[in-house]
Amino acid sequence: MQLQRKHKDWIWAYLFIAPTVLGLYIFFLYPMVSSVFISFTKWNHLSAPQYIGLSNYKRLFQDPTIWLEFKNTMYFVLVSVPLTVGISLFLANALNKKHLLGKGVFRTIFFLPYVILPVITAQIFMIVFNSRYGLVNGLLRIMNLPQPAWFSNALLTRFVIVLVTLWASIGYFTVILLAGLQNISPQYYEACDIDGGSWWVKFLHITFPLVTPQLFFCLVLAIINSFKMFDYIFVFGKSNVIVRENIRTMAFGIYERGFTYLEMGYASAEAIIFSLIVLSVTILQNVGQKHWVHYS
Amino acid sequence: MRKLNKTWGISIGFFVLAVFALITLVPFFWIVVSSFKTYRETVQIPVVFFPASFTNLDNYKELFGRLNFLSYYKNNIINTIGITFPQLFLSSLAAYAFARIDFPFKNVIFVSLLLALMIPIQMILMPRYKLILDLGLFDSYLGIIIPSIPSVTTTFYMRQQIMSLPRSLDESAYLDGAGHFRIFWSILLPLCHSALLATGIMCLVFSWNDFLWPLVVINSTEKYTLSIAVANLQGQHLTRDNLLLTAAVVVSLPMVAVFIISQRYFIEGIALSGIKE
């Protein structure tokens, strides 16, 4: 019997999507469901997992280290994100001029750090901010300014990490925002010029509302990236235990509990809580999007 | 008066941009300069800005000799190529089906992929590690490559691209009896070449720089990726910063080169991702 063309199409479609869809189910969705189960067990990945009910979760809420990780994670989200998006918007605005000299060169330079391995970025900054022989303190010394020991306390270490994230990610967000700005029709600005509006009026009433879709995209991405920050903490904490205990984030804690201390069940419980936080932020943003994003 | 104001505005803007650009470039300047320094020059106080000789290649020799960086390079190239090309091909194939063929459960399947997009890697680390152990892929290149191939973002992006092409292109071929693979491969895919390039480069950079997953999967030293090798240069007690900074030059150079050569597509791809959302 001849197969109908429609049914043949179906078979082709399933064949086409099979590798990607099955791959995603096997390597993303199945582990996701599975980690919920693991979070109810005690498991050191050498012997079989042992069911212990909600114990991991109870322990989680009493563990001061987890609270510290949560606070640190929120610190990076609340400090880095506004700075990253704010500076990116500022730079994109400065780049969005018709007759700007070296526009392409600027854009290339700003973007360059994005392609560097995060592990390397972190190491470069550790060396540049080294309290004894680092470049930054060397320059401060020449200018006769105080030269702090950057990695001696949590506050300064976090400050350096915020600088690292800014350095690494601003170019990426600037490119996205610049594309948004270039999409704005020049007629709006011309009309505003005729009315004699200042640059501030233009920014507030034309630029800002019309760039909200890109701004929103950047905000979501910056928040998620900041939640997931792992590589920087790993490198900064590697050679200094005191620093590590001060700056550890949830993403780092999950890795360390699972693969250094081999507490897979406990690590999974933290991962579940972590994912719930990330998920609720995403949902909140989607709700917020409807209220303040203008789609022209 | 207004004109004058405008010129001033542009000059101030230029100045601010130049300052930011300079700050951005400082770390690059520092790693290149430091890669020619001896250990003594690296840790000297006060800071030495330039090495005594720019022809001192000891750091490079040590990195590629004793520290085996050539083989880590090879590992990174294997992994990156092993991920990028299959990902582009398979994602486009799926994207074609989602964009052009009507089949049962299409929307359900498509939405279920969104879920995979939202999962942070940390959440699936433990079970995925177990899966890799069970599949016998632990400590192998395939253990890094296979889970990294299926990609929601690449599939979504390619679907958008294919949907933006006019249907009349493939409809006549379809009516003439051309198979779906033929339509996909010889008609639509060639028209997507700039999108393929853009996503391909992004995938390339992403897999070249990946750290957490290889760290979990790889155990033996000879299979280290560059990022693990670099992280391991940083010792518990003594770290030779001149070597670290040289490694930074050596490891970053290919990606910097790829970026500068292909930046038009790269930046286009990224700019588009913001507009499409």
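The model shown in every view is predicted.

**Figure 1. The loop residue N68(B) in the predicted model.** N68(B) is found in chain B, in the loop between α3 (58-64) and α4. The phi of N68(B) is positive, about 65°, although N68(B) is not a glycine. Most residues other than glycine have a negative phi.

**Figure 2. The loop residue L262(A).** L262(A) sits in chain A, in the loop between α12 (250-260) and α13 (264-292). L262(A) is not a glycine, yet its phi is positive, at about 55°. Within 10 Å there are 13 other C-beta atoms, and L262(A) is partly exposed.

**Figure 3. Packing of helices α4 and α11 in chain B.** Helix α4 (residues 69-100) and helix α11 (residues 193-209) of chain B pack at an angle of about 145°. Their axes are 9 Å apart. The crossing of α4(B) past α11(B) is right-handed. On the α4(B) side, the residues that meet α11(B) are N76(B), N79(B), T80(B), I83(B), T84(B), Q87(B) and L88(B). The residues they meet in α11(B) are L196(B), T199(B), G200(B), C203(B), L204(B), S207(B) and W208(B). Sorted by type, the residues of this contact are six nonpolar and eight polar, with no charged residue.

**Figure 4. Surroundings of E69(A).** E69(A) belongs to helix α3 (residues 64-95) of chain A. E69(A) counts as buried because 24 C-beta neighbours lie inside 10 Å. Apart from neighbours within four places in sequence, E69(A) is in contact with R248(A), T249(A), M250(A) and G253(A). In sequence, E69(A) and G253(A) are 184 residues apart, but from C-alpha to C-alpha they are 7.1 Å apart in space.

**Figure 5. The two assigned domains of chain B.** The domain assignment gives domain 1 (2-52) and domain 2 (59-276) of chain B. Taken over C-alpha atoms, the centres of domain 1 and domain 2 of chain B are separated by 33 Å. Nine residues from domain 1 of chain B and eight residues from domain 2 of chain B take part in the contact. On the side of domain 1 of chain B that touches domain 2 of chain B, α1 (2-34) and α2 (39-43) each supply at least two residues. The residues on this side of domain 1 are four nonpolar, four polar and one charged.

**Figure 6. The contact between chain A and chain B.** Here 80 residues of chain A are in contact with 77 residues of chain B. Helix α1 (residues 5-38) of chain A gives the largest share of the chain A side, 20 residues. By type, the chain A side divides into 57 nonpolar, 16 polar and seven charged residues.

**Figure 7. Chain A and its helices and strands.** Chain A has 13 helices and two strands. Its radius of gyration is 24 Å, well over the 19 Å that the globule rule gives for 296 residues, so chain A is more spread out than a compact globule. Along the principal axes, the C-alpha atoms of chain A fill a box of roughly 80 × 75 × 30 Å. Of the 296 residues of chain A, 44% count as buried.

How values were computed: Residues numbered from 1 in each chain as written. Chains lettered and ligands numbered in written order. Predicted model: local features only at pLDDT ≥ 70, side-chain atom pairs only at ≥ 80, totals over all residues. Axes fitted to C-alpha atoms, helices over the stretch in contact; angles between N-to-C directions. Helix = DSSP H or I, 4+ residues; strand = E, 2+ residues; numbered from the N terminus. Left-handed = near helix turned anticlockwise from the far one by under 90°. Contact = placed C-beta atoms within 7 Å. Nonpolar A, V, L, I, M, F, W, Y, C, P; charged D, E, K, R; others polar. Buried ≥ 20, exposed ≤ 12 C-beta atoms within 10 Å, placed from the backbone. Rg over C-alpha atoms; globule rule 2.2 N^0.38 Å. Domains from an automatic or database assignment.
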